Amino acid sequence: MNTYIGLLRGINVGGHKKIKMADLREMLNKLNFSEVQTYIQSGNIVFKTSEVNKAELESTIKKEIAKTFGFEVPVLVKSREEIVSIVEENLYIKDENLEPSMLYFTLLHKMPSDDALQQFREIHFDNEVFSMGNHVVYLAYKLGASKAKRDNNFIEKKLKVSATTRNLRTMQKLVELSS
């Protein structure tokens with residue numbers, strides 16, 4: 001069995017696209033996933049399956065959410081190993097001037113074009129730093145996420161890719177739950 005982490009974008013935000021985590025777990029169990037766990041209300045899933053094709057898993061989960069809950073939600077699936085690597089490769093974690101609460105990860109569904117990346121790199125905001133990884137933008141918001149300009153919507157618009165953002169604590173908890 002393979003361990004995966006599924007990340008849903010834009011559920012339970014501002015009263016829109018509401019999904020109870022118990023209902024989500026039940027739906028995933030019906031898809032024959034095993035050891036299904038969720039973490040907080042923002043669509044973080046840990047599960048096991050024999051399926052190895054992540055694109056197929058994303059499609060299956062997305063279709064089942066639309067069928068079960070009546071709306072579409074972007075779904076990103078990563079292996080446990082990919083999430084561990086993403087967390088470990090965040091250089092900001094080692095920066096003593098940055099609090100863990102300032103650190104965020106925007107996971108990209110696919111890598112953006114070179115042109116979009118170049119334009120994205122040229123945009124700077126005070127009190128925000130970022131670096132690019134493989135399918136991830138590492139972010140440090142020195143004034144907190146609520147004041148950030150380089151947020152998930154901005155990143156999706158500028159890079160022209162679907163994305164979802166999680167904080168360091170959530171990423172670490174997903175690694176822990178998937179152990």
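Let me start with the lining of the second largest pocket: K54, E58, L76, V77, K78, E82, S85, I86, E89, H109, N134 and H135. This is a predicted model, where local features need pLDDT of at least 70, side-chain atom pairs count only at pLDDT 80 or more, and totals for chains, interfaces and linings use all residues. Residues are numbered from 1 along each chain as its sequence is written, and side-chain values use heavy atoms, without hydrogens and water.

A pocket here is an open set of points on a 1 Å grid over the protein atoms alone, where a 1.4 Å probe fits, with protein on both sides within 12 Å along at least five of seven lines; lining residues have an atom within 4 Å of a point. Helix 2 (54-69), strand 4 (75-79) and helix 3 each give two or more residues to this lining.

Which residues does I86 contact, leaving aside neighbours within four places in sequence? They are F105, L107, V136, Y138 and M171, where contact means heavy atoms within 4.5 Å.

I86 is also among the residues with the most contacts inside the largest nonpolar core, which has 22 residues. Such a core is a set of buried Ala, Val, Leu, Ile, Met, Phe, Trp, Tyr and Cys residues joined through side-chain atoms within 4.5 Å; buried means under 20% relative accessible area, with a 1.4 Å probe and protein chains only. Another core, of 20 residues, lies apart from it and includes L8 and F33.

Last, R9 is buried, at 19% relative accessible area. Among the contacts of R9 are V73, P74 and E156.

Notes: Buried < 20%, exposed > 50% of the residue type's maximum accessible area, 1.4 Å probe, protein only. Helix = DSSP H or I, 4+ residues; strand = E, 2+ residues; numbered from the N terminus.
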